[in-house]
Amino acid sequence: MRAVQVQTPGGPEALVLAEVADPEAGPGELLVRVAAAGVNYIDTYHRTGAYPIPTPFVPGMEGAGEVIAVGSGVSRFKVGDRVAWASAIGSYAELTRVPENLAVAVPDGVELDVAAGAMLQGMTAHYLTRSTYPVQEGDTVLVHAAAGGMGLLLTQQVKALGGRVIGTVSNAEKEKLAREAGADEIIRYTETAVAPEVRRLTDGQGVNVVYDGVGKDTFDASLDSLRIRGTLALYGAASGPVPPVDLQRLNSGGSLFVTRPTLAHHTLTVDELSWRSGEIFAGIQSGKLNIRISGRYPLADAARSHEDLQGRRTTGKLLLIP
């Protein structure tokens with residue numbers, strides 16, 4: 001089969017299309033013909049070695065496709081089922097193995113490419129708004145990179161829960177997308193300092209929670225945008241890791257909370273995984289949740305997909321199509 005491999009960690013050029021042996025389903029595993037694989041920032045951390053993985057390896061944590069074989073002990077799925085996953089490495093390939101406990105069924109009415117684009121970011125938005133800081137009606141929320149794949153989903157999720165969204169974007173085109181997703185206020189961070197504008201928009205109070213997937217470049221503004229006892233949910237580091245922080249800042253800022261959550265810790269059981277993915281799929285089926293897929297790339301262009309993602313040249317979700 002064809003697969004994208006990383007043989008030596010590095011830049012986007014480290015993603016090389018190769019012919020490799022077809023995988024086989026082991027005990028408790030599904031063998032899936034991949035219809036689409038999601039491109040996510042965690043893939044870039046694997047590629048560079050920031051999150052080390054023994055080489056050579058096939059990157060890609062997220063995807064969807066059709067089961068073509070099952071290993072011994074598999075009971076929830078059979079050949080022909082449509083499945084999706086968010087935490088199974090090896091998705092940048094024509095075929096991949098997925099542990100049964102990491103797979104969910106894709107319901108009728110949800111296309112496989114949409115399912116692939118919804119799993120990781122959709123469930124991340126779900127746990128951030130339901131578990132990390134459960135948004136209540138009337139809360140005001142700051143969403144960084146509001147026109148990105150995560151930002152658009154977070155905005156929709158917050159609005160569905162009755163919250164008010166202040167989003168940050170870089171330009172007019174991205175502002176339009178964020179507003180279409182439901183953002184109430186937009187700050188163009190290229191033109192306006194974020195924290196003072198947040199204070200102005202909240203009558204000096206600040207926001208209940210900041211959902212920040214950018215990291216180093218936005219961390220200070222995020223803290224400075226919080227109201228007393230506000231929460232900063234730092235779920236990613238697109239601009240790089242946050243330097244060490246003096247925790248006294250949390251005291252002087254108003255008894256603030258900072259957390260660094262991850263999806264794996266919010267899908268620990270099959271029941272929890274099914275709950276989160278089920279609510280995302282139900283939103284797609286009802287038309288209340290829109291998954292914006294802004295780029296589809298062949299496997300041979302995996303390097304370009306990473307360049308576009310890290311260059312902030314995209315809006316919405318990027319997919320690789322085997």
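Is Q121 buried or exposed at 11% relative accessibility? Q121 counts as buried, because its relative accessibility is 11% and buried means under 20% relative accessible area, exposed over 50%, and partly exposed in between (1.4 Å probe, protein chains only). The views below belong to a predicted model, in which local features need pLDDT of at least 70 and side-chain atom pairs count only at pLDDT 80 or more, while totals for chains, interfaces and linings use all residues. Residues are numbered from 1 along each chain as its sequence is written, and side-chain values use heavy atoms, with hydrogens and water left out.

**View 1. The whole chain, with its 9 helices and 15 strands.** Helices (H or I, at least four residues) and strands (E, at least two) are DSSP runs numbered from the N terminus. The C-alpha trace spans about 60 × 40 × 35 Å along its principal axes. The radius of gyration, taken over C-alpha atoms, is compared with a globule rule of 2.2 Å times the number of residues to the power 0.38; for 322 residues a compact globule would have a value near 20 Å, and the chain agrees with this at 20 Å. Of the 322 residues, 55% are buried. Contact means heavy atoms within 4.5 Å, and among the contacts between residues at least 6 apart in sequence, 67% join residues at least 24 apart.

**View 2. Helix α2 and the residue Q121.** Q121 has its place in helix α2, and, leaving aside neighbours within four places in sequence, Q121 is in contact with N40, E62, G149, M150, L153 and K317. V114 lies in helix α2 as well, and its contacts, with neighbours within four places in sequence again left aside, are I284, I291 and I293.

**View 3. The largest nonpolar core, which has 49 residues.** A nonpolar core is a set of buried Ala, Val, Leu, Ile, Met, Phe, Trp, Tyr and Cys residues joined through side-chain atoms within 4.5 Å. The members that touch the most other members are A84, L128, L154, Y211, F281, I284 and I291. Two or more residues of this core come from each of α2 (112-132), β8 (140-143), α3 (149-160), β9 (164-169), α4 (172-181), β11 (207-212) and α8 (270-286), and α2 gives the most, with 11 residues. When residues up to four places away in sequence are not counted, F281 touches A84, V104, A105, V106, P107, V110, A115 and M119. A second, separate core of 33 residues includes V32, V34, F57 and A88.

**View 4. I166 in strand β9.** I166 counts as buried, because its relative accessibility is 0%. With neighbours within four places in sequence left aside, the residues in contact with I166 are T140, V141, L142, V143, E185, I187, L201, T202 and V207. G80 stands 86 residues apart from I166 along the chain, and the C-alpha atoms of the two are separated by 43 Å.

View 5. The buried residues of α1 are D43, T44, Y45, H46 and R47, and what covers them includes β1 (2-6), β2 (15-19), β3 (29-39) and α9 (302-310). After α1 comes G49, whose phi is positive, near 90°.

**View 6. Positive phi at R229 and at S255.** R229 lies in strand β12 (residues 226-234), where its phi is near 65°, a positive value in a residue other than glycine. This residue counts as exposed, because R229 has a relative accessibility of 61%. S255, which is not a glycine either, has a positive phi of about 55°, and its place is in the loop between α7 (248-252) and β13 (257-259). With a relative accessible area of 43%, S255 is partly exposed.
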